[in-house]
Structure formats: C-alpha cells, structure tokens
Amino acid sequence: MEKIQILYHSKEIEKVEKISKGDWIDLRAAEEVHLKKGEYTLISLGVSMKLPEGYEVHIAPRSSTFKNFGLIQTNGIGIVDGSYCSEKDIYKMPVLAVRDTVVHINDRICQFRIVKNQPEICFEEVEHLDGPERGGFGSTGK
C-alpha cells in the first residue's frame with residue numbers, strides 16, 4: 001500500500017480517509033468563495049502533500065461541480081508533479097464561473113488520484129505504420 005503524507009492548512013475541512021484501490025479521492029474547498037459570472041479564481045483546497053516516489057497527482061472536477069456550482073476547471077485537468085511537496089505548496093483548483101455562485105468551506109469541488117510517472121521512452125521514426133485504419137478523428141459514432 002502506498003502512503004501520502006498530507007498536511008492540512010484548515011481545521012474546518014474534513015480529512016481524507018483511506019481509499020479503496022481505483023477510487024478517486026474527493027478534495028474540499030478550504031475557503032468560502034463568492035464569484036460572479038465570468039470571474040476566475042484559484043480555490044484553496046487546504047492541503048499540501050508529499051507523494052510516494054515516482055507518482056504525480058491528476059486533479060479533475062467532480063461530476064457534480066458544474067451542475068452544483070457552475071464552475072469549469074480552467075486547466076481541464078490539473079497535473080501536480082511529485083516535487084510540489086513543501087508545506088507552502090498548497091493544492092488549489094483554478095476555476096471560471098459561468099454563473100454567479102458561492103462555494104462554501106468543505107464543499108467537495110474536485111477529486112484526484114495518484115498516477116505513476118510516465119516511464120522513459122524514445123521515439124523511433126518510421127516510413128509507415130501497420131496498424132488498422134479506424135476512419136479518422138471522431139469516426140467511432142455518436
């Protein structure tokens with residue numbers, strides 16, 4: 001079992017608990033945020049973490065984040081590498097509001113999982129690829 005060292009910067013947010021294999025891990029807003037339509041901000045998630053060696057974090061909105069708060073994560077998915085691990089490296093979620101909204105302390109607004117770093121790779125230039133043709137971008141139907 002892998003271990004993540006976690007430092008909480010807020011006593012108000014619920015603590016992250018042990019996660020079953022494969023699950024995404026919810027993160028919570030560590031501050032109250034009032035946003036008007038069209039405004040951007042970084043919402044503090046109130047934690048700093050030291051990952052196991054060779055891992056990175058992928059942060060994505062929860063499936064209900066847009067419906068409940070009208071927020072879009074502006075970087076699509078956040079990638080946090082393992083070197084972002086000091087007490088001052090506080091996780092945040094960059095968001096854009098598509099409507100006036102309020103996020104309260106402890107609201108679950110995003111989720112993360114740890115992923116092994118990509119292995120070292122090299123590219124081999126070839127004249128042809130022998131894989132089957134799938135029909136081009138977006139060709140697998142609606």
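Colleague: Which strand gives the most to the lining of the second largest pocket, and what makes a residue count as lining there?

Modeller: In this predicted model, strand S2, residues 25–28, gives the most to that lining, with four residues. A residue counts because it has an atom within 4 Å of a point of the pocket, and the second largest pocket has 14 such residues, of which Lys15, Val16, Glu17, Asp26 and Arg28 lie nearest its centre. The space in this pocket comes to about 240 Å³.

Colleague: How do you know how many residues of that lining are nonpolar, polar or charged?

Modeller: The class follows from the residue name, with Asp, Glu, Lys and Arg counted as charged; on that basis the lining of the second largest pocket has eight nonpolar, no polar and six charged residues. Lys15, Glu17, Asp26 and Arg28 are among the residues nearest the centre of the second largest pocket, and they are therefore charged by this rule, whereas Val16 counts as nonpolar.

Colleague: What volume does the largest pocket have, and which residues are closest to its centre?

Modeller: The largest pocket has a volume of about 580 Å³, and of the 20 residues that line it, Glu2, Ile4, Ile19, Ile25 and Ile114 are the closest to its centre. Strand S1 (5–8) and strand S11 (108–116) are the elements that give two or more residues to this lining, and S11 gives the most, with three. By class, the lining has 11 nonpolar, two polar and seven charged residues.

Colleague: Why are S6 and S11 called paired strands?

Modeller: Two strands pair if at least two bridges are found between them; strand S6 (residues 55–61) and S11 have seven, in the antiparallel sense, and therefore they meet that cut-off. One of the positions involved is Pro61, whose bridge partner in S11 is Cys110.

Colleague: What makes S2 and S8 the edge strands of the open sheet?

Modeller: The open sheet has four strands in the order S2-S11-S6-S8, with antiparallel pairing, and S2 and strand S8 (78–80) are its edge strands because each pairs on one side only. From one strand to the next, the twist averages 30 degrees.

Colleague: How do you know that S9 pairs with S4 and with S7?

Modeller: Five bridges join strand S4 (residues 40–44) to strand S9 (residues 92–97) in antiparallel fashion, and S9 also has three bridges to strand S7 (residues 71–73), again antiparallel; at least two are needed, so both count as pairs. In S9, Leu96 stands opposite Tyr40, and Ala97 is the bridge partner of Leu71.

Definitions and conventions: Residues are numbered from 1 along each chain as its sequence is written. This is a predicted model: local features need pLDDT of at least 70, side-chain atom pairs count only at pLDDT 80 or more; totals for chains, interfaces and linings use all residues. Side-chain values use heavy atoms; hydrogens and water are left out. On a 1 Å grid over the protein atoms alone, a cavity is a set of points where a 1.4 Å probe fits but cannot get out, and a pocket is an open set with protein on both sides within 12 Å along at least five of seven lines; lining residues have an atom within 4 Å of a point. Grid points are joined across faces, edges and corners, and a volume is the space filled by probe spheres set on the points. Axes are lines fitted to C-alpha atoms, for helices over the stretch in contact, and angles run from 0 to 180 degrees between N-to-C directions.
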